[in-house]
Amino acid sequence: MATRRILAAFAALSLLTGCAGGSGGGYGLRYYRLVEPGPREVARGSMVVTPTIRWNRAPRGPDQISREENWTLNGPLLDGLTFIGGLEHDKRIVQQRRKADRKVPNFRSDMSPPEIGGMIESFYRVRAGANEFNVTGLQPRTFAGRPGFQYDFEYLGGDEVWRRGRAVGAIVDGRLYLALLDAARAHYFPAALPEFERIAESARLRR
Amino acid sequence: MSAWHQALPLTRRAMLGGLGCAGCAALAGTAEARIRPADMKPLVGPGHRPTAKDEQGLWQQYERVEEEIAGSNLLVRDAALAAYLGNVAERTGGPAAGDLRVYLAHIPEFNAFMAPTGFMVVFSGLLLRMRDEAQLAGVIAHEAGHFLRRHQIRQWRDLKRKTAAMNFLGMAAGLGYGATGIYAGDLVRLAQLGGILSIFSYSRELEAEADAMGLKQIAATGYDPGAMPETWQQLIEEIEASAEMRRKRPKRGYSLLATHPAPAQRMADLRLSAKEVTTPRGVERGRDRYLKALGAHRKTFLDDQIKLNDPGASLYLLRNLAKDGWNGLLRFYEGEVWRLRGQRGDSALAGQSYAAAIGFADAPPEAWRAHGYQLLKDGRRDEGLAALRRYLALAPQAPDAAMVRHTLGE
């Protein structure tokens, strides 16, 4: 039921925003799939992660890039886990019109960690209606056995809900690999964080 | 990344709605003679209360809207700034001086709107674009003009006469859920739809009235009336600059303007009227007072705008603010605009701006960080590391300090 409402809302938003719906086949016709615990290939097989509880894999959204995969525990309004795997230099992290007034910057392989954080911040401001966005931490962290970063943030969305997020990632051979948790600050973020940490720690590149 | 809770794409077009929208009004009239400020008399007195039944109904709805807005966590919580805005409204509000309430919403849009009950919502993006208090007073006086001339109820009655807009009130008040199940009551959406929903956009005649009424008020208060046409000009130029940078026509902005008062006509009227009410004493700009009231918020609001990565609009507004002089803050954000745009050659431009920014005493710590990483990219390692050390010295508690220390190899 909730899913239907979300889909209806999203379809309506897409209409309003004039999104073309890049995935084809109509959004409402694709469904969530259960992800069982155990090693999983994600983001077009670019990484292997090992969840320890059941997740729901989200159908591909119209704005989604092909190197991305989204999971959720309680529905995307409450929590979401995003994997981006093997994004090349000068590629975008979200589908957008070339001439859009406001654009999320493309990924560049020479980005410094603050710049990657800034790119993520722009995504939330431009595409997720975040009016307030606070970076709460940026520190070095190993991801998939490579030197990377951990980026923590919180933001107030257009729906007036505070959310928190953590992105853990690394640039390997000029490509971006990332796992990102984004959830309502009240309850859902702290509830999902331990599992997110296990998944982030389990991430391995598969090339 | 998912953006399920995404708002509608933000458009600066929407700001036309609040700031004297030419758009889509129900009362489209033919070209009319300019309305002279001298002819504008307030239609409400102090402590105005509705007497007619329909107006009472409208008020009831808006009292609920105000309750929601007053409790919204999108408001900027700064008592001093709120008091300052209230004070400007009081100075320019004429007979309604004691009745106006101003809410400041943290939304990076150039917009403001006036409710029929006497409360006004000003968006942070508007404050960012004002060069001084006179410009701000012009916008507030324009909005107050809608209230003083009872535009909301006049428009509402006219609309009722002309259409069977059954849902109009519900939509306008933003209290209901639309057919889609999307809650239409949040401020962000109000900001964005300001120019589309007819509630906050008025006919040419009513806009011209509000212009004239507002001009009369700010002139009477002693502000430079020339600030008002300036603001309108800035708005038009920013839309053009944004479109130009993306190599496209400012089409929607123009179609709105084209079907309605030609912007040129309105500008001409505003300038003429401004001249008419300019007196030797009407020259106050209040720039220092404005900057002091805005304080650290200017940086926050700049940050909001620049990170939307709308390079044409952002550069325009930076350069507009810099007419009063460049400083470290504006130069740093100029660099950020180039860096975010990320086209060929932009990195070098960004580097130049960062280098210029740190030459100012008021450069924000982030300018040193950006300068440092830029130098590292350019292979100037020692200088880059020195700049990053400077950043840490200025902002030892920065949330990214651990990462920068790592870069420094500490």
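Which helices are included in what covers the buried residues of α19(B)? The points below work towards that and then turn to other parts of the model.

1. Basis of the note. This is a predicted model, in which local features need pLDDT of at least 70 and side-chain atom pairs count only at pLDDT 80 or more, while totals for chains, interfaces and linings use all residues. Residues are numbered from 1 along each chain as its sequence is written, and chains are lettered from A and ligands numbered from 1 in the order in which they are written.

2. Helix α19 of chain B. This helix covers residues 381-394, where helices (H or I, at least four residues) and strands (E, at least two) are DSSP runs numbered from the N terminus. Its 14 residues reach 20 Å from the first C-alpha to the last, close to the 20 Å expected at 1.5 Å a residue, the expected span being 1.5 Å times one less than the number of residues. B:Gly384, B:Ala387, B:Leu388, B:Tyr391 and B:Leu392 are buried in α19(B); a residue is buried if 20 or more other C-beta atoms lie within 10 Å of its own, exposed if 12 or fewer, and partly exposed in between, with C-beta atoms placed from the backbone. Seen down the helix axis, the buried residues of α19(B) fall within an arc of 145 degrees, so they line one face of the helix; the arc is that of the directions from the helix axis to the C-beta atoms. On the other side of α19(B), B:Asp382 and B:Ala393 are exposed. As for the opening question, the cover over the buried residues of α19(B) includes α18 (365-377) and α20 (401-408) of chain B.

3. Two domains in chain B. The domain assignment gives domain 1 (13-277) and domain 2 (296-408) of chain B, with bounds that come from an automatic or database domain assignment. Their contact takes 17 residues from domain 1 of chain B and 17 residues from domain 2 of chain B, two residues being in contact if their C-beta atoms, placed from the backbone, lie within 7 Å. On the side of domain 1 of chain B that touches domain 2 of chain B, α4 (124-129) and α10 (227-245) of chain B each supply at least two residues, and the largest share, eight residues, comes from α10(B).

4. The largest nonpolar core. A nonpolar core is a set of buried Ala, Val, Leu, Ile, Met, Phe, Trp, Tyr and Cys residues joined through C-beta atoms within 7 Å. The largest one has 153 residues, of which A:Phe123, A:Ala179, B:Met120, B:Val122 and B:Ala144 touch the most other members. Helix α5 (residues 133-148) of chain B gives the largest share of this core, nine residues. Domain 1 (13-277) and domain 2 (296-408) of chain B both give residues to this core, so it lies between them.

5. Chain A. Its secondary structure comes to three helices and 11 strands, and 46% of the 207 residues of chain A count as buried. In helix α2 (residues 113-127) of chain A, the end C-alpha atoms are 21 Å apart, which agrees with the 21 Å that its 15 residues should span at 1.5 Å a residue. α2(A) is mostly covered, with 14 of its 15 residues buried, and just after α2(A), A:Gly129 takes a positive phi of about 65 degrees.
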